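Open the model in your viewer and keep the sequence panel beside it. Each stop below says what to select and what is there.

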Amino acid sequence: LLNAITMKIICVGRNYAAHAKELNNPIPSQPILFLKPDTAQLLDNSPLYYPNFTKELHYEVEVLLKICKNGKFIQPKFAPEYYREVSVGIDFTARDVQRRCKEKGHPWEIAKAWNHSAAIGQFIPKETAFDPSGQLQFSLKKNHKLVQEGNSKNMLTSFDALISYISQYFMLLRGDIIFTGTPKGVGPVDCGDQLEGFIGNQSLLKCAIK
Ligand code: MG
């Protein structure tokens, strides 16, 4: 059975206080986790076709960690060994569907984990992604205009602490990808929009909405 699974995507919700606030959510005391299946991947700067089950498709730019070593119950001090490459991605969300799920206390998958809902940028060595102060700056442009800007220093739970926490529940396997949460500024996209994701000033992801 394991051989049939190519990879999984583990996502973190509300990892930036300012984003939790903009959607009127409380700041969580522990990371909020959800999964996307491998079929959620959107690779190679492919376009996203606006799904017909939503009228409120939102972008959420996030830093991605690519797992390079299998592990569970990873201690935070060993977490850096488990990822060598980072990128940016977009956690596409059907916000209207998510609102209905939340109201009913239902799981989020139909709002978050649908086909191609996880746009994945080009991975780069982590050494080239952090600035001299050890922070990672990332951003998203929509139609060449800056719409989201984030810095890893504002995360409620750090990359290493996330790897440790996640690995208590979900064994991390080589090739898995972690979406580490979105900063404030999430918003809608329409057909014809062009999204572009950056770490620092390196463009790592492009996605057209069709
Ligand atoms: Mg997200």
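Two strands pair if DSSP finds at least two bridges between them. Helices (H or I, at least four residues) and strands (E, at least two) are DSSP runs, numbered from the N terminus. This is a predicted model, in which local features need pLDDT of at least 70 and side-chain atom pairs count only at pLDDT 80 or more, while totals for chains, interfaces and linings use all residues. Residues are numbered from 1 along each chain as its sequence is written, and side-chain values use heavy atoms, with hydrogens and water left out.

**Stop 1**

Select strand 14 (residues 194-199) and strand 15. These two strands run antiparallel and are joined by 6 bridges. Click on Ile199, and opposite it in strand 15 you will find Gln202. Gly197 has Leu205 of strand 15 as its bridge partner. The hairpin of strand 14 and strand 15 has 2 residues between the strands, and Gly200 there takes a positive phi near 55°.

Ser139 stands opposite Phe198 of strand 14. What is the order of the strands in this open sheet? The order is 11-10-14-15, with antiparallel pairing. Strand 11 (145-151) and strand 15 (202-208) are the edge strands, and each pairs on one side only. On average, neighbouring strands of this sheet are turned by 15° against each other, direction ignored. For that angle, axes are lines fitted to C-alpha atoms, for helices over the stretch in contact, and angles run from 0 to 180 degrees between N-to-C directions.

Strand 14 is mostly covered, with 5 of its 6 residues buried. Buried means under 20% relative accessible area, exposed over 50%, and partly exposed in between (1.4 Å probe, protein chains only).

**Stop 2: Ser152**

Move to Ser152, in the loop between strand 11 and helix 4. Is Ser152 buried or exposed? Its relative accessibility is 8%, so Ser152 counts as buried. Not counting residues up to four places away in sequence, Ser152 touches Tyr16, Gln135, Leu136, Phe138 and Phe159; contact means heavy atoms within 4.5 Å.

**Stop 3**

Select helix 4 (residues 159-169), whose buried residues include Phe159, Leu162 and Ile163. The buried residues of this helix pack against strand 1 (9-13), strand 2 (32-36), strand 5, strand 6 and strand 12 (177-179).

Ser164 also lies in helix 4. Ser164 counts as buried because its relative accessibility is 12%. Ser164 touches Ile74, Gln75 and Pro76, again not counting residues up to four places away in sequence. Draw a line from the C-alpha of Ser164 to that of Ala79: the two residues are 85 apart in sequence and 6.5 Å apart in space.

Next, colour the largest nonpolar core, which has 56 residues. A nonpolar core is a set of buried Ala, Val, Leu, Ile, Met, Phe, Trp, Tyr and Cys residues joined through side-chain atoms within 4.5 Å. Which residues touch the most other members of this core? They are Phe92, Ile163, Ile178 and Ile199. Strand 5 gives the most to this core, with 5 residues.

**Stop 4: the magnesium ion**

Centre the view on the magnesium ion, which is coordinated by Glu60 (OE), Glu62 (OE) and Asp91 (OD) at 2.0 to 2.1 Å. Glu60, in the loop between strand 4 (57-59) and strand 5 (61-67), and Asp91, in strand 6 (residues 83-91), are 31 residues apart, and the pair links distant parts of the chain. Donors are N, O and S atoms within 2.8 Å of the metal (3.2 Å for Na, K and Ca); water is not among the atoms, so sites may look incomplete. Glu60 counts as buried because its relative accessibility is 4%. Asp91 is buried too, with a relative accessible area of 1%.

**Stop 5**

Strand 4 is joined to strand 7 by 2 bridges, and the bridge partner of His58 in strand 7 is Thr93.

**Stop 6: the cysteines**

How many disulfides does the structure hold? It holds 0 disulfides, a disulfide being a pair of cysteine sulfur atoms within 2.5 Å. The sulfur of Cys68 is 19 Å from the closest cysteine sulfur, in Cys11, which is too far for a bond. For Cys191 the closest cysteine sulfur is in Cys207, 11 Å away, also too far for a bond.
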